[in-house]
Every structure is written in structure tokens, then in C-alpha cells.
Amino acid sequence: MAQNEKFLYRQGDRILCFHGPMIYEAKILDKDNQHPKSGNSGPHYLIHYKGWKNTWDEWVAEDRVLPINEANLRQQKQIEESMTKKNKPSTKKIVQDSSADKGKKRKRDLSLDKDDLIKKPKIVIYIPEQLRMQLVQDWESINKSQMLVPLPRKPTVIDIINNYKSWKHEKNKDSDGIAEEVSKGVCFYFNKCLGTRLLYQSERNQYKEIRSKFENLENAQIYGAEHLLRLFVIFPKLMSNTNIGEETLNALKEHLSDLLNHISECQKDYIVEDYQKTQ
């Protein structure tokens, strides 16, 4: 390890770290003067997120790391509240009329006890590293640089979903029709969650203006991949609040991962390069 860089943190330090737009507690396992994969120079840390599997350990630049103090814990809470509003998700299932649950009516249990929570399978959706970095850049552009995603976007969320479905059909990967149902569920939740869970505070005026301008369009016909990625951050929490069978849950996670991989492969076409300054 080179010694010409000054590190703000030491191996073994407990810190806070940006992961996507969210902030999580983590521990520093190692440090280096450059990213071991990308080769980017400057202080980098190998961090382990508290309570996460080791497979999520990653090297991060120093600007993603924060000391644990009252101000940063308050910022962590504010971000969480801005991404996860008090409004609870609809009682509709994420995948409506799926092959496993078709025709069955299930109600979400609103009075869970400790045993119920323990029995629920842990839900993890892997977001490719380059998309996680996009989420971080998205957060910084909006909350630090006071910029906005230009709207309306093209391609829209609907365009991306349609491209994904075409890709699945071309590869004969949707013989059971689940990709179609997952796509409907993603659009459903995006339309429902955007205004209450997926916007930062500085985006709310833009949201009101764009909704008044395009009253006859759904959110998924106006917004694009930048906001769609934020939905995947809260999907685990959304799914944990539904009574989806484990078999259906596994199929859902598989298709959501496929969708994320599709977005990752087409990132240059889907993600806008330049955000616009707020007025």
C-alpha cells in the first residue's frame, strides 16, 4: 500500500456509508490509495455493512464515508424518511395474478408478532455496482449540487419495461408469463410510490409542475430510469409487507434481478448524462 495519501479513517473504525441514496452503518476492513478494480486514485476503504452478508463488502471512495455523530445520524434519518414516507403500500400484491397465487385473495397481516417476523424470508435484491454508483451520483446531484433530472424523460419507465419484456421474449425466457406480471407490478408500484416514497424534498415542486402539465399521463410515462432505480432500493421493504409465498418471492427476485441487469447493460441509453440546475 502506498503511503502518500492521508486517510481520515482507520481499519476497524465504525462509520456511516452511502449505499445508493441511503446511509448505513458499516465497518472499515481495509484501506488503499486506489480502488483495486477501477484503479481510481485517492483514499478508498473496504467496508462491511452492519448486518449484511460478506458478499456486499465493497471498496468505496472516501467521499462516501461519514463519521458517526449526531449530525450524520440525523442526516441518515432524514434520507430514510424522504425515501420511505409514512404512507403504507397498497394491500395489492406486487405480482398480481402470478402463476403461484392466481385466483387467491390474500390480505396483508397488519398485526404481525415477533414470530411472524422471524419466519419471513430475508429479502435481498442485488443491484449491480455501476447502478449503485448511479444512485449515489443521483443523490449527490440533487441534494448536494441542487440539480434535477430533466423531465419528461425519454426513454420512460414504460419504454424501459417494454424493452425488457421484448428482450425476455427474444431469449425465450418468459415461457411462464411471469415477466409480464412482474412488469405490471413494477409499473403499478412505480406509479403509486413515486409521489410519496421516491422523491427528494427538492424535487417536489418539479413533481407538482410536471403532474399539472401532463395530467392524463401516469408517472411511468413521464419519469425514467433515474427514479425507477430508487424503487429497487425500497422493494425489499415493500415485499416484506406482503404475504407472498416463498416460491413466488424467489421467482419475483429472479425477474427483478434480470430487469436490473437489463438496465445496467443499457445504462448509457437509459440514464441521462446531464442534470439541470434548479430554478
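Modeller: Gladly! Keep in mind that this is a predicted model. Shall we begin with the sheet?

Colleague: Please. What makes β4 and β5 the edge strands?

Modeller: Look at the strand order first: the open sheet has five strands, arranged β4-β3-β2-β1-β5 with antiparallel pairing. β4 (58–61) and β5 (65–66) each pair on one side only, and that makes them the edge strands.

Colleague: And how do you know that β3 and β4 pair?

Modeller: Pairing requires at least two bridges. Strand β3 (residues 41–49) and β4 have four bridges, in the antiparallel sense, so they qualify as a pair.

Colleague: What about β2 and β3: how many bridges join them?

Modeller: Seven bridges join strand β2 (residues 22–34) to β3, and the two run antiparallel. They form a hairpin with six residues between them, and G39 in the turn has a positive phi of about 80 degrees.

Colleague: On to the rings. Why is the pair of F18 and W139 called tilted?

Modeller: The structure holds nine aromatic pairs. In the one between F18 and W139, the centres are 4.6 Å apart and the planes make an angle of 45 degrees. Ring centres must lie within 6.5 Å to pair; planes under 30 degrees apart would be stacked and over 60 edge-to-face, so 45 degrees leaves this pair as tilted. F18 belongs to strand β1 (residues 14–19) and W139 to helix α3, 121 residues apart, so the pair links distant parts of the chain. Both F18 and W139 are buried.

Colleague: Then why is the pair of Y24 and Y49 called edge-to-face?

Modeller: Their planes are 85 degrees apart and their centres 6.3 Å. That angle is over 60 and that distance is within 6.5 Å, so the pair counts as edge-to-face. Since Y24 lies in strand β2 and Y49 in strand β3, the pair ties together parts 25 residues apart in sequence.

Colleague: Are those two tyrosines, Y24 and Y49, buried or partly exposed?

Modeller: One of each. Y49 has a relative accessible area of 1%, which is under 20%, so Y49 is buried. Y24 is at 25% relative accessibility, between the 20% and 50% cut-offs, so Y24 counts as partly exposed.

Colleague: What makes Q146 stand out in its phi?

Modeller: Most residues other than glycine have a negative phi. Q146 is not a glycine, yet its phi is positive, about 55 degrees. Q146 sits in the loop between α3 (129–143) and β6. At 39% relative accessibility, Q146 counts as partly exposed.

Colleague: Which peptide bonds are cis around P152 and P155?

Modeller: The bond joining L151 and P152 is cis, with omega about -5 degrees, and so is the bond joining K154 and P155, with omega about 5 degrees. Most peptide bonds are trans. P152 lies in the loop between β6 (147–148) and α4 (157–170), and P155 is in the loop between β6 and α4 too.

Colleague: Last one: where is the kink in helix α5 centred?

Modeller: On N191: helix α5 (residues 178–197) has a kink of about 30 degrees there. α5 is also mostly covered, with 16 of its 20 residues buried.

Technical notes
Residues are numbered from 1 along each chain as its sequence is written. This is a predicted model: local features need pLDDT of at least 70, side-chain atom pairs count only at pLDDT 80 or more; totals for chains, interfaces and linings use all residues. Side-chain values use heavy atoms; hydrogens and water are left out. Buried means under 20% relative accessible area, exposed over 50%, partly exposed in between (1.4 Å probe, protein chains only). The bend at a residue is the angle between axes fitted to the seven residues ending there and the seven starting there. Rings of Phe, Tyr and Trp (its six-membered ring) pair if their centres lie within 6.5 Å; planes under 30 degrees apart count as stacked, over 60 as edge-to-face and the rest as tilted.
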